Amino acid sequence: MKYTKEHEWLRVEGDVVVVGITEHAATQLGDVVFVELPDTDAMVSAGDEVCVIESVKAASDILAPLDGEIVAVNQKLVDAPGLVNEDPTGAAWFFKMKVADLSVLDEFMDEDEYAELIG
Amino acid sequence: MVPFAGYEMPVQYAAGVMQEHLHTRAAAGLFDVSHMGQVILRPKAGMAALCAGFEAMMPVDVAGLAEGRQRYGLFTNETGGILDDLMFANRGDHLFVVVNAARKAHDIPHMAEHLAAVAEVVPITDRALLALQGPLAEAALARLVPDVAALRFMDVGVFGEVWVSRSGYTGEDGFEISVPQGWAETFARDLLAMPEVQPVGLGARDSLRLEAGLCLYGHDIDETTSPVEAGLPWAIQKVRRTGGAREGGFPGAARILQELAEGPERCRVGLRPDGRAPMREGTGLFAADETPLGQVTSGGFGPSVEAPVAMGYVPRAFADVGTPLQGEVRGKKLPVTVAALPFHPTTYKR
């Protein structure tokens with residue numbers, strides 16, 4: 001698993017990258033009550049706001065970590081936003097994207113580096 | 001922890017906003033509201049003169065408030081706007097007032113100026129204020145102060161050094177409890193040791209009062225909103241209205257009495273977004289034909305309603321329950337419907 005500074009995790013499954021938010025991020029957000037997902041087939045650039053997460057405390061965004069195409073979204077989160085708090089690194093993945101070159105993932109933090117970031 | 005009105009306040013404790021909210025509705029939640037302003041108004045020339053002086057500051061019946069009772073009040077300005085909302089209690093030989101933390105610095109000199117001839121305005125700075133709210137609040141507090149069980153909604157009692165009112169800011173039965181600051185920690189820990197009591201932070205305090213349809217000063221009411229626009233005409237007793245024995249005679253009476261008679265131009269309304277996206281403060285409100293109408297003044301997710309809820313101002317023609325409107329969230333206009341307040345039924349012990 002790789003991690004971004006924006007507290008997303010990235011997991012390679014075959015030729016796609018699965019994206020979600022870390023347990024740390026889910027805890028900081030508090031109880032998630034609303035999730036808005038991107039359209040599948042959307043072409044996105046790294047840094048684009050692709051998802052909205054609203055908790056009982058505030059609204060925040062998930063940014064696309066990479067350039068690529070959204071190939072799947074986790075519709076379950078729309079109906080049960082609380083999954084983000086229950087299983088942030090498992091059942092509560094947000095979207096899957098196809099990228100041109102998987103080697104770009106090497107630039108992101110590994111687990112130890114991320115653990116250091118969040119102290 | 002977040003800064004709030006000059007205090008460091010917890011948004012939530014370990015359980016989190018959602019659980020703290022639901023626990024308060026199911027059992028009892030303990031809030032530290034010591035940031036609020038506690039003030040004693042001690043009469044210089046008798047209670048009647050003090051009450052008359054206080055009535056000259058707000059469109060509320062002060063003189064008719066019986067001993068041992070508390071009432072909701074509103075300081076108004078000359079244009080009929082609201083300077084602050086407050087609670088005041090008749091404690092026999094004086095009035096006890098609780099004002100908003102963010103307005104203490106305004107309200108205390110405001111009272112001192114207007115009441116100079118009739119009262120000594122004494123800010124109480126050596127007491128903490130706790131709120132214990134929820135259906136099991138009485139059972140819990142009565143273990144420490146048995147006599148509170150006899151209080152009804154908006155009654156106040158002085159039990160030794162413990163000052164109690166049966167009121168709160170959640171829509172639930174409950175109490176606000178003023179204790180000497182040296183006792184506060186022990187008192188709070190004794191309550192928290194009880195199985196039905198959990199600590200509750202600012203996050204759930206806000207979602208509880210929003211579901212109860214209660215106004216937050218500086219958001220739902222301010223110097224530009226009148227009590228009538230804000231849907232608070234119930235706070236203006238008949239005796240202060242046109243034709244009443246002590247009609248008018250408060251700041252902004254011309255506008256407020258006119259709005260009572262003819263209806264206000266705009267109204268605070270409850271709002272239920274049709275979808276799941278919360279509509280937070282500042283969300284623009286539009287008619288079905290895109291005409292801009294106003295804004296959301298408080299909004300978020302209602303844990304007991306299990307859906308987003310909000311309040312805001314719209315012209316009177318759009319204020320009927322069931323009126324379909326649109327709220328602009330992140331550039332998209334989403335359907336929202338005017339709804340009755342409160343969103344969650346209140347359970348005061350009357």
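How many salt bridges are counted between chain A and chain B? The count is three, a salt bridge being a side-chain nitrogen of Lys or Arg within 4 Å of a carboxyl oxygen of Asp or Glu. This is a predicted model, in which local features need pLDDT of at least 70 and side-chain atom pairs count only at pLDDT 80 or more, while totals for chains, interfaces and linings use all residues. Residues are numbered from 1 along each chain as its sequence is written, chains are lettered from A in the order in which they are written, and side-chain values use heavy atoms, with hydrogens and water left out.

**The interface**

One of the salt bridges joins Lys332(B) to Glu36(A), with the closest N and O atoms 3.3 Å apart. On the side of chain A that touches chain B, at least two residues each come from strand S4 (32–36), strand S6 (49–55) and helix H2 (76–79). Helices (H or I, at least four residues) and strands (E, at least two) are DSSP runs, numbered from the N terminus.

Chain A contributes 14 residues to the contact (heavy atoms within 4.5 Å) and chain B twelve. Together the chains bury about 1200 Å², 52% of it on carbon and sulfur atoms; buried area is the accessible area (1.4 Å probe) lost when two parts are put together, summed over both. Val33(A), Glu54(A) and Val56(A) supply 38% of the area that chain A buries against chain B, more than any other three residues.

**Gln38(B)**

Gln38(B) lies in strand S4 (residues 37–43) of chain B. Gln38(B) counts as buried because its relative accessibility is 3%, the cut-off being under 20% relative accessible area (1.4 Å probe, protein chains only).

| Partner of the Gln38(B) side chain | Distance |
|---|---|
| Ser178(B), side chain | 2.6 Å |

Beyond neighbours within four places in sequence, the contacts of Gln38(B) include Phe96(B), Val122(B) and Trp163(B).

**Nonpolar cores**

The largest nonpolar core has 29 residues, and Val17(A), Ile21(A), Val84(A), Phe94(A) and Phe95(A) have the most contacts inside it. Such a core is a set of buried Ala, Val, Leu, Ile, Met, Phe, Trp, Tyr and Cys residues joined through side-chain atoms within 4.5 Å. A second, separate core of 24 residues includes Val33(A), Met36(B), Ala131(B) and Ala204(B).

How values were computed. Buried means under 20% relative accessible area, exposed over 50%, partly exposed in between (1.4 Å probe, protein chains only). A polar contact is a pair of N or O atoms within 3.5 Å; within protein, one must be able to donate a hydrogen and the other to accept it, and residues adjacent in sequence count only if both atoms are side-chain atoms.
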